[in-house]
Amino acid sequence: MLYTMTLYVLLGVGLAASVGFLILHRPRRFFRTVEINASWWVLALGLLYARSLALLGIRGARPGETWWDSAVSIGFLAAIDALLLVRFFSYLRFRREHPDDPPRAS
């Protein structure tokens, strides 16, 4: 039960950070190299997290065979969440420092 709740929390936080960044960023030209580098990895992870949350809700969670198997999977998920949160909060800080000039690919 603890493993399942941990997965729900980590996937929910990661999905919220991904969607939040994409809502704030709003790229105009999504297929430019600058936007691909800035946004696509966040979009890909958001889609993967949404899929994982849906599958977790349908199938439930089955912890790994050993404790370290579960620890590794939760550790990787937590590390990716940390990257998404850093991306989201660094963009919020940038927007606060530059309110009139949001970055846009030209």
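## Aromatic pairs

Rings of Phe, Tyr and Trp (its six-membered ring) pair if their centres lie within 6.5 Å; planes under 30 degrees apart count as stacked, over 60 as edge-to-face and the rest as tilted. In this predicted model, local features need pLDDT of at least 70 and side-chain atom pairs count only at pLDDT 80 or more, while totals for chains, interfaces and linings use all residues. Residues are numbered from 1 along each chain as its sequence is written, and side-chain values use heavy atoms, with hydrogens and water left out.

The structure holds three aromatic pairs. Phenylalanine 21 and tyrosine 91 have ring centres 5.4 Å apart and planes at 80 degrees, so this pair is edge-to-face. The pair joins distant parts of the chain, 70 residues apart: phenylalanine 21 lies in helix 1 and tyrosine 91 in helix 3. Ring pairs link Phe21, Tyr91 and Phe94 into a cluster.

Phenylalanine 88 and phenylalanine 89 form an edge-to-face pair, with 5.2 Å from centre to centre and 65 degrees between the planes.

## Burial

Phenylalanine 21 and tyrosine 91 are both buried (under 20% relative accessible area, with exposed over 50% and partly exposed in between; 1.4 Å probe, protein chains only). Phenylalanine 88 is buried too, at a relative accessible area of 17%.

## Packing of helix 1 and helix 3

Helix 1 (residues 2-25) and helix 3 (residues 67-97) pack at about 25 degrees, with axes 9 Å apart. Helices here are DSSP runs (H or I, at least four residues), numbered from the N terminus. Axes are lines fitted to C-alpha atoms over the stretch in contact, and angles run from 0 to 180 degrees between N-to-C directions.

The two helices are therefore roughly parallel to each other (angles under 35 degrees; over 145 is roughly antiparallel, 65 to 115 roughly perpendicular and the rest oblique).
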